[in-house]
Amino acid sequence: MTIAFITGASKGLGYATAARLSDAGVHVVIGARDASRGEAAAAALGAEGVVCDVTDDLSVRAAAEAVRARHGRVDILVNNAGILPEAFGADGVDAFRETFATNLFGAVATTEAFLPLLRESPAGRIVNVSSTMGSLADQSDPASGYYGLIVPAYQASKAALNSVTVGWSKALADTPIKVNAVCPGWVQTDLGGPDNRAAAPTPPEAAAEIVTRLALLDKDGPTGGFFDVAGRVRW
Ligand code: NAP
C-alpha cells in the first residue's frame with residue numbers, strides 16, 4: 001500500500017488532498033500541529049493522524065519517527081502547511097520571519113526528517129505546495145493576473161520553496177524520488193484572510209487535483225518542475 005504524509009492536513013487544501021489520496025487507495029497520515037484537529041480530520045477520512053508542527057524541529061522529527069515505527073517508509077510527502085500572515089496585517093521583517101518559518105524552513109525541516117523514509121520507497125514523491133505568487137516571471141509581468149498582488153514575504157517564501165524544489169530534484173536525481181512544486185490556484189480556504197473563501201473561485205476539493213496528480217506520478221513523470229492544473233508554471 002502507498003503511504004502518504006501530508007503537513008497541514010487538518011483543513012483546507014491539505015485535508016482535501018488527504019481525501020483525494022484516500023479515495024485513490026493511498027494510506028494517508030495526516031500531519032497537524034493541533035492533535036485534536038488532526039484526530040478529527042483523520043477520523044473523518046478513516047486516515048491516521050500524527051502531530052507535526054513544522055516550525056518545531058522536535059515535533060517534525062517525532063512525527064517522522066512515529067511514521068517510521070508504524071510503516072517503515074513513506075512513498076509520498078506533501079509539504080502543504082503554509083501561512084500568509086500579511087493577509088492578517090503582518091508587515092516588515094517580522095512578517096518575513098514568521099512566513100519563512102512555516103513556508104520554507106518548515107518544508108525543509110520536514111523533508112530532511114522524512115527523506116530517510118522516502119529513500120525506503122521504490123518510488124518516492126515530494127510535492128511542495130507553492131503558489132504562482134512565488135513566480136518571479138508572473139510577479140514582474142504586467143499582463144499577469146498576479147502583477148498587482150504585493151505580499152512580499154509570502155511571495156519570497158514561495159519563490160524560495162520553488163528554488164529548493166529544483167535543488168532537491170537535482171540532489172536526488174540518482175534516486176527514484178521525484179520532487180515537484182505545484183500551484184493549486186486561488187482556493188476557498190482560510191489562508192488569505194476573512195474574505196478569501198467568498199472571493200476565491202476554486203473549492204479545495206478541485207484544487208487538490210493537481211497536488212494529487214504530482215503525488216501519484218509514475219516513473220516517467222517529471223521532476224524539478226512547477227505545475228498548475230493547466231500545465232507548467234513559469235518560474
Ligand atoms: P489553510 O486552510 O489556512 O490551511 C493551512 C494548513 O496549514 C492548516 O491545516 C494549518 O493548521 C496548517 N499549518 C499552519 N501552520 C502550521 C505549522 N506550523 N505546522 C503544521 N501545520 C501548519 O490554507 P490553504 O489554502 O489550505 O493552504 C495550504 C497550502 O496551499 C499553503 O502552503 C498555501 O500557501 C498554499 N496555497 C494556497 C492558495 C489559496 O488560494 N488558498 C493558493 C496557492 C497556494 P491549523 O489547522 O492548525 O491552522
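In this predicted model, 46 residues line the largest pocket, and Gly 82, Ile 83, Thr 189, Leu 191 and Gly 192 are the ones nearest its centre. Two or more residues of the pocket lining come from each of α1, α4 (92-103) and α7; helices are DSSP runs (H or I, at least four residues), numbered from the N terminus. The lining comprises 21 nonpolar, 16 polar and 9 charged residues. Here Ala, Val, Leu, Ile, Met, Phe, Trp, Tyr, Cys and Pro count as nonpolar, Asp, Glu, Lys and Arg as charged, and the others, Gly among them, as polar. The volume of this pocket is about 1,200 Å³, a volume being the space filled by probe spheres set on the grid points, which are joined across faces, edges and corners.

The model is predicted, so that local features need pLDDT of at least 70 and side-chain atom pairs count only at pLDDT 80 or more, while totals for chains, interfaces and linings use all residues. Residues are numbered from 1 along each chain as its sequence is written, and side-chain values use heavy atoms, with hydrogens and water left out.

The ligand sits in the largest pocket, meaning that more than half of its atoms lie within 2 Å of the pocket's grid points. Among the elements, α1 (12-23) and α7 (152-171) give two or more residues each to the shell around the ligand. This shell holds 28 residues, the closest being Arg 37, Asn 80, Tyr 154, Val 187 and Thr 189; a residue belongs to it if one of its heavy atoms lies within 4 Å of the ligand. Of the shell residues, 11 are nonpolar, 11 polar and 6 charged.

An oxygen atom of the ligand is 2.6 Å from a polar side-chain atom of Tyr 154. A ligand nitrogen lies 2.9 Å from an N or O atom in the side chain of Asp 53, and a ligand nitrogen is 3.0 Å from a polar backbone atom of Val 54. The protein covers 95% of the 890 Å² of accessible area that the ligand has on its own, by the Shrake-Rupley method with a 1.4 Å probe.

Technical notes. A polar contact is a pair of N or O atoms within 3.5 Å; within protein, one must be able to donate a hydrogen and the other to accept it, and residues adjacent in sequence count only if both atoms are side-chain atoms. On a 1 Å grid over the protein atoms alone, a cavity is a set of points where a 1.4 Å probe fits but cannot get out, and a pocket is an open set with protein on both sides within 12 Å along at least five of seven lines; lining residues have an atom within 4 Å of a point.
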